[in-house]
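The exercises below concern a predicted model. Each one sets a task and then works through a solution step by step.

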Amino acid sequence: MNDFDWSSIPGALPFLWDGMKTTLEITVIAVVVGIVWGTLLAIMRMSSFKPLSWFAAGYVNLFRSIPLVMVLLWFFLIVPALLESLFNTPRSSDTRLSSAMVAFALFEAAYYSEIIRAGIQSVSKGQISAALALGMSYAQAMRLVVLPQAFRNMVPLLLTQGIILFQDTSLVYVSSLADFFGAAYKVGDRDGRLVELLLFAGAVYFAICFSASLLVKRFQKRVVT
Amino acid sequence: MGYHWNWGVFLARVPSGETSYLGWMLSGLETTLALSLSASIIALVMGSVMGVLRTVPNRWLSGIAALYVEVFRNIPLLVQLFIWYFVLPELLPSGIGNAYKQMHPLLQQFAAAMVCLGLFTGARVCEQVRSGINSLPRGQKYAGLALGFTLPQTYRYVLLPMAFRIIVPPLTSEFLNIFKNSAVASTIGLLELAAQGRQLVDYTAQPYESFIAVTLTFMLLNAVIMGLMHRLEAKTRVPGYIGGGT
């Protein structure tokens with residue numbers, strides 16, 4: 001076994017930081033869009049208008065039965081062609097980042113919608129009956145009474161799902177996009193120091209995710225119950 | 001867009017001529033099944049042992065199990081896979097490391113992916129086992145001990161039989177996840193289903209057909225497993241408990 005040589009990491013830090021920014025960008029966009037679209041899907045799924053609830057159920061089940069790697073490959077294939085036909089962007093332009101964002105947002109929405117649906121269903125029925133009895137419309141009752149309570153209960157789960165998403169973004173490796181992991185791999189490959197760079201990447205992910213989940217746990221103790 | 005559909009492509013022979021592209025797909029499916037099933041066994045064994053350790057009244061043992069869970073849950077699967085595949089052979093004593101590197105490349109990929117998926121999922125199974133054991137009334141453990149059972153006997157005859165029946169539903173979803181996560185193994189070159197699909201794109205330039213075929217196969221796998229699991233859940237349900245575990 002060779003001795004470790006960590007010397008290629010300090011010089012590569014700016015490049016790795018750029019990669020981390022890409023990772024964070026994808027994560028934030030996917031969390032925000034995923035929660036909004038996931039909320040809509042959850043409401044649609046509970047709607048009494050059948051076609052709407054079928055659509056939402058089909059959407060969620062479709063995305064939950066396909067591996068994320070396949071979903072990403074699909075989007076890297078389709079999105080450039082779509083953009084080309086819609087906006088006439090030249091095929092050569094780099095659409096990998098936007099493809100990744102769209103893919104993660106749509107994929108995560110399926111998982112978020114299940115969390116949100118469970119959260120909404122955990123609010124007692126009397127709440128919505130009371131809101132309706134007060135003369136609110138269904139939409140008002142949802143927005144002003146049910147959702148605020150539901151989200152309060154769901155915050156820890158939504159954040160945990162965000163941590164999982166942060167880890168999953170490393171899979172953009174399949175498109176050789178330089179996110180944090182992709183950047184670490186490239187540096188390691190270039191300098192022949194793959195072992196050190198992979199261990200470094202693992203340690204960074206661990207430090208971030210472990211501290212984030214500790215924060216979520218603390219938050220959970222304080223807010224919920 | 002002027003895409004030229006050609007579903008007949010699956011029957012065409014591959015360049016080397018020994019099989020058709022459909023044959024590639026089927027061998028990819030075989031690899032996916034073999035990988036997922038062997039990884040499930042590792043996950044179940046590792047998860048059960050660690051899950052029990054997490055609940056044992058011994059700081060060291062429960063600490064080891066907690067460490068295992070935190071490490072394997074907080075590093076992305078892809079990074080873990082690359083560490084198993086690229087890093088571990090370098091860290092092992094040179095004798096074992098070299099023996100590993102001299103194995104058939106396919107075996108190396110398979111072994112790395114199997115251990116990686118198994119231990120990754122094992123950490124999740126461990127948490128399910130722990131919550132299953134903790135969900136039992138404390139009196140069960142005390143009753144077992146009061147009857148003169150040793151602690152291992154109490155686990156073996158009183159706690160685990162109940163805990164495992166309670167956690168069947170969440171375990172089945174981990175089992176489904178193994179199949180989906182096995183597609184990550186395509187990144188180290190293991191020719192499972194998703195990788196065969198990509199290879200087909202490179203050889204035939206018919207991306208839509210091959211991606212649709214791979215996607216439908218995964219959906220079918222998912223549906224079949226879910227059907228089997230529902231049966232298992234119905235069989236193992238504990239009378240008097242509402243379906244769910246945790």
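A nonpolar core is a set of buried Ala, Val, Leu, Ile, Met, Phe, Trp, Tyr and Cys residues that are joined through C-beta atoms within 7 Å.

**Exercise 1.** Determine which residues of the largest nonpolar core touch the most other members.

Solution. The largest nonpolar core holds 113 residues, and those touching the most other members are A:Val69, A:Leu72, A:Ala184, B:Leu81 and B:Ala113. Finally, with neighbours within four places in sequence left aside, B:Ala113 is in contact with B:Leu35, B:Leu81, B:Ala185, B:Ile188 and B:Leu190.

**Exercise 2.** Describe how helix 7 and helix 8 of chain A pack.

Solution. The axes of helix 7 (residues 180-191) of chain A and helix 8 (residues 194-223) of chain A lie 7 Å apart, at an angle of about 160°. Because angles over 145 degrees count as roughly antiparallel, helix 7 of chain A is roughly antiparallel to helix 8 of chain A. Their crossing is right-handed. Among the residues making the contact are A:Phe181 and A:Ala184 of helix 7 of chain A, and A:Leu197 and A:Phe200 of helix 8 of chain A. By class, this contact of helix 7 with helix 8 of chain A has 10 nonpolar, 1 polar and 2 charged residues.

**Exercise 3.** Characterise the side of chain B that touches chain A.

Solution. Chain A and chain B each bring 30 residues to the contact. On the side of chain B that touches chain A, the largest share, 8 residues, comes from helix 3 of chain B. The residues of that side divide into 19 nonpolar, 7 polar and 4 charged.

Notes:
Residues are numbered from 1 along each chain as its sequence is written. Chains are lettered from A and ligands numbered from 1 in the order in which they are written. This is a predicted model: local features need pLDDT of at least 70, side-chain atom pairs count only at pLDDT 80 or more; totals for chains, interfaces and linings use all residues. Two residues are in contact if their C-beta atoms, placed from the backbone, lie within 7 Å. Helices (H or I, at least four residues) and strands (E, at least two) are DSSP runs, numbered from the N terminus. Ala, Val, Leu, Ile, Met, Phe, Trp, Tyr, Cys and Pro count as nonpolar, Asp, Glu, Lys and Arg as charged, and the others, Gly among them, as polar. Axes are lines fitted to C-alpha atoms, for helices over the stretch in contact, and angles run from 0 to 180 degrees between N-to-C directions. Angles under 35 degrees count as roughly parallel, over 145 as roughly antiparallel, 65 to 115 as roughly perpendicular and the rest as oblique. A crossing is left-handed if the near helix is turned anticlockwise from the far one by less than a right angle, and right-handed if clockwise. A residue is buried if 20 or more other C-beta atoms lie within 10 Å of its own, exposed if 12 or fewer, and partly exposed in between; C-beta atoms are placed from the backbone.
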